[in-house]
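Q: I have a structure to go through with you. Could we take it topic by topic?

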Amino acid sequence: MSVVTPKMLRPGSGTDAPAAVTPRRRKPFRSRAYKVFRVVALVVIVAAFLAPLAWMLLASLKTNVDIYDASKTLIFTPTTANYETVLGRNNYFSFVINSFWVAFASTVLSLIIGVPAAYSMSRFAMRRSALVVLMARIIPGVSLLVPWYYVFSNLSLVGGYGVLILSHMFVALPLIVYIMMSYYDSMPLELEEAARVDGLTHIGAFLKVTLPLSVGGIATASILAFIFSWNNFMFALVLSGADTKTLPVAIFNFVAYASIDWGGLMAASVVVTIPIMVIALFTQKYIVSGLTAGATKG
Amino acid sequence: MAVTTMPPKRKPQQQNAWKAYSDWANNHRKWLFAAPAMIFVAILIIFPLGWTMYLSLTDSSGSVRAESEFIGFANYLEVLSDGERFWPAVARTFIFTSVALLVQMVLGMCIALLLWRPFKGEKWVRVAILLPLVATPVAVGMMWRLIFDPNIGFANQMLGLLGIPAQPWLSGQHTALPTVIFIDIWQWTPMVVIILLAGLTSLSEEPDEAARIDGANAWQRFRFITVPLLMPTIIVAVLLRSIDALKTFDLLYATKGRGGGSFHEVETLNIYAYGLSFDYNDYGLSSTVLILFFLIIIAAMWVLTRRRKDVQ
């Protein structure tokens with residue numbers, strides 16, 4: 001920091017004025033070599049992130065014979081047989097439904113209790129209470145599983161949807177509280193105050209003014225909560241029954257057999273990742289703003 | 001203070017009761033709003049955590065319903081003197097987290113810098129980077145199991161083309177840990193990129209511009225302007241990534257199964273504790289490992305958040 005002195009900043013000088021209007025456009029100072037390097041680097045990066053996913057997709061469209069044949073890496077006759085096996089014979093469609101309901105219900109329930117809590121914790125600066133909720137993010141899930149398993153198996157609830165949804169709320173709730181808190185931290189108070197002047201109660205102002213204004217934040221929080229709940233593996237591994245298995249557990253059980261049916265396994269993996277990727281494609285902005293919530297305000 | 005306009009047609013008694021209720025709710029809204037979430041957390045987290053602490057002082061095993069005896073700190077003595085499973089698991093947790101974190105931060109910073117200035121096709125590059133991050137970890141594990149399969153995997157096919165002998169990757173006793181670290185880097189570097197990129201775009205251009213006019217080269221500007229200004233964001237990224245890396249479960253269990261493989265080659269503390277509980281039903285010992293693990297995480301978080309305050 002000692003490099004910069006106020007004198008060097010040259011505020012208000014003529015050459016800086018356009019830069020202040022469009023802050024991200026700047027004079028081209030990079031060399032052509034740098035530009036070439038940048039393009040090459042970007043291509044390599046994109047390839048490195050996408051190639052494995054493409055490989056999974058390709059393998060899911062091959063017969064097991066073709067997967068074993070190195071000469072058919074890229075050129076092969078595509079088949080949907082793996083998907084037919086997975087969705088038809090192995091009943092994966094019911095696991096898709098399970099995964100969806102568990103993720104959906106845990107997200108909605110977490111929103112109902114999490115959004116007002118985040119509002120209160122932000123407006124009243126309840127940092128210590130917030131820390132208690134965020135502890136859920138830090139604690140290793142295994143340390144909760146044994147007591148949960150004990151209590152829920154005594155109530156003969158293990159294997160039911162209720163327990164799964166509760167355990168997935170443990171994933172969704174801290175995420176929602178964290179994102180919504182940073183959303184309310186940056187939301188101005190004026191509109192709420194105006195609503196109060198207009199005669200609404202505090203709670204009325206929250207329900208009729210603040211909540212409708214929070215739609216963007218709620219969308220961000222619920223998309224991320226849904227994704228992380230959909231992806232969760234550990235809780236369902238212990239707490240789900242044969243009928244309530246979620247997709248990640250179903251995929252894991254695939255490799256329990258002596259020899260792995262690679263085509264089927266890859267088809268199953270595609271089935272679990274595709275919905276999430278489609279959501280990600282359409283809600284990229286929300287996901288990014290959720291992942292970076294609270295990261296840049298310091 | 002509470003100026004509540006009432007519908008005029010309500011009977012006075014009803015009105016009073018409603019107003020009293022509404023006033024009470026409004027005056028207590030702070031806790032009324034926070035209570036459901038707090039109670040949920042208390043019941044599902046704090047109480048089980050207390051129970052885990054209690055279990056760590058007993059010899060509970062076999063069935064969760066079986067009688068157990070209070071044995072004081074015997075479990076802690078046993079675990080802390082266990083050089084076969086516990087300490088290697090501590091070491092693996094530490095190696096996994098620190099190597100993955102270090103590579104992710106360096107690589108993430110490089111990619112974030114590349115993406116910082118606008119360019120054509122920016123949107124598509126960002127989507128590509130988002131995909132590994134949202135992919136289901138178990139599916140990611142299975143995908144890499146196929147790619148790293150010693151016989152039919154793409155990784156060894158590529159090595160073959162380059163004339164390098166085939167590697168055992170995930171199935172090798174000494175190659176498994178580096179391989180899972182590689183997979184973790186593939187999946188979570190995007191998280192670091194996204195956080196750092198948000199930090200970079202929120203930076204003011206002026207200090208950087210001024211240093212450039214002053215003749216500072218790219219490295220100097222990065223080292224002395226960008227990094228110090230970005231430090232709070234960098235620490236958030238380190239904090240979030242280290243919490244998740246320490247607790248990594250899905251990837252390790254999906255690629256190596258119980259006990260972190262037949263030689264426990266990827267057995268971290270989380271995998272070890274899970275195995276003790278649900279594969280061996282030794283709840284007392286498992287709880288002890290978990291409490292120690294929890295203390296390690298808290299210590300790491302404490303150090304990092306203190307560092308964050310120093311920076312601010």
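Q: Where is Ser156(A) placed in chain A?
A: Ser156(A) is in the loop between helix 8 (142-154) and helix 9 of chain A. Helices here are DSSP runs (H or I, at least four residues), strands are E runs of at least two, and both are numbered from the N terminus. The model is a predicted one, in which local features need pLDDT of at least 70 and side-chain atom pairs count only at pLDDT 80 or more, while totals for chains, interfaces and linings use all residues. Residues are numbered from 1 along each chain as its sequence is written, and chains are lettered from A and ligands numbered from 1 in the order in which they are written.

Q: What about the phi of Ser156(A)?
A: Ser156(A) is not a glycine, yet its phi is positive, about 40 degrees. Most residues other than glycine have a negative phi.

Q: And is Ser156(A) buried or exposed?
A: Ser156(A) is exposed, with 8 other C-beta atoms within 10 Å. The cut-offs are 20 or more other C-beta atoms within 10 Å for buried, 12 or fewer for exposed, and partly exposed in between, with C-beta atoms placed from the backbone.

Q: Which loop holds Ala125(A)?
A: Ala125(A) lies between helix 6 (92-123) and helix 7 (127-138) of chain A. Ala125(A), also not a glycine, has a positive phi of about 50 degrees. Ala125(A) is exposed, having 11 other C-beta atoms within 10 Å.

Q: Changing topic: how do helix 9 and helix 12 of chain A cross?
A: The axes of helix 9 (residues 161-185) and helix 12 (residues 215-231) of chain A come within 9 Å and cross at roughly 155 degrees. Axes are lines fitted to C-alpha atoms, for helices over the stretch in contact, and angles run from 0 to 180 degrees between N-to-C directions. The two helices of chain A are therefore roughly antiparallel, a label for angles over 145 degrees.

Q: Which residues make that contact?
A: Helix 9 of chain A contributes residues including His168(A), Leu175(A) and Tyr183(A), and helix 12 of chain A contributes residues including Gly217(A), Leu224(A) and Phe228(A). Contact means that C-beta atoms, placed from the backbone, lie within 7 Å.

Q: Now the two chains: how many residues of each are in contact?
A: 85 residues of chain A are in contact with 89 residues of chain B. Helix 3 (residues 32-60) of chain A gives the most to the chain A side, with 12 residues.

Q: How many helices and strands has chain B?
A: Chain B has 13 helices and zero strands. The C-alpha trace of chain B spans about 90 × 75 × 40 Å along its principal axes.

Conventions. Angles under 35 degrees count as roughly parallel, over 145 as roughly antiparallel, 65 to 115 as roughly perpendicular and the rest as oblique.
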